[in-house]
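Here are my notes on this structure. Please read them with the model open beside you.

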Amino acid sequence: MSAVDLSRHPGHLARRLQQAHYLLWNTMVSEETTSPQFAVLNALIAELGLDQRTVGERVGLDCSTIAEVISRLSRRGLLDKVRDPQDGRRSLLQLTEDGVRTHRRISLRAARMNQVFLGPLSAEEQAVFFDLLRRVSDAARGLRNPEEPLGVGTSGL
């Protein structure tokens, strides 16, 4: 058996891309606020009156991950939970003043980091890159809850 060419495996390349992003994020943006935490702050800037489940859906985080991210942001004083005046059983999330300031600061740093991260690509290549990433990640959403489990209806493959 011969070695597999990992440069042709999207999962391997996605992991390497994520490693590069993590390194740049920690050195150029923030060691304290993670990229998923920033995504939550950003969702709450973009749309007021969201609950935890909806924020998780907007940023692509599962229930347990969004709960942990919200908990950490809350402990840091970046967001508050308030009762929904329309439904007292539901809590809405809102950024504190410190949360808004943190979002603003990180947004500027993230923009600079993205310039470095995407530096090897021309503007046209960046547009194609984003289009392809969105298409694959949108299609992958359906893989989380496939209507038919893998292997059903096949010969045990």
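1. A search of the whole structure finds 11 salt bridges. A salt bridge here is a side-chain nitrogen of Lys or Arg within 4 Å of a carboxyl oxygen of Asp or Glu. Side chains of opposite charge can pair when their charged atoms come close.

2. The model is predicted: local features need pLDDT of at least 70, side-chain atom pairs count only at pLDDT 80 or more, and totals for chains, interfaces and linings use all residues. Residues are numbered from 1 along each chain as its sequence is written, and side-chain values use heavy atoms, with hydrogens and water left out.

3. Look at R90 and D51. They form a salt bridge, and their closest N and O atoms are 3.1 Å apart. R90 sits in the loop between β2 (79-83) and β3 (91-95), while D51 is in strand β1 (residues 50-51), so the bridge ties together parts 39 residues apart in sequence. Strands are DSSP runs of E, at least two residues; helices are runs of H or I, at least four; both are numbered from the N terminus.

4. Is D51 buried or exposed? D51 is buried, at 8% relative accessible area. R90 is partly exposed, at 29%. Buried means under 20%, exposed over 50%, and partly exposed in between (1.4 Å probe, protein chains only).

5. D87 forms a salt bridge with R89, with the closest N and O atoms 3.0 Å apart. D87 is partly exposed at 23%, and R89 is exposed at 74%.

6. Now find helix α5. There R101 and D98 are three residues apart, about one helical turn. Salt bridges that share partners join D51, D84 and R90 into one network.
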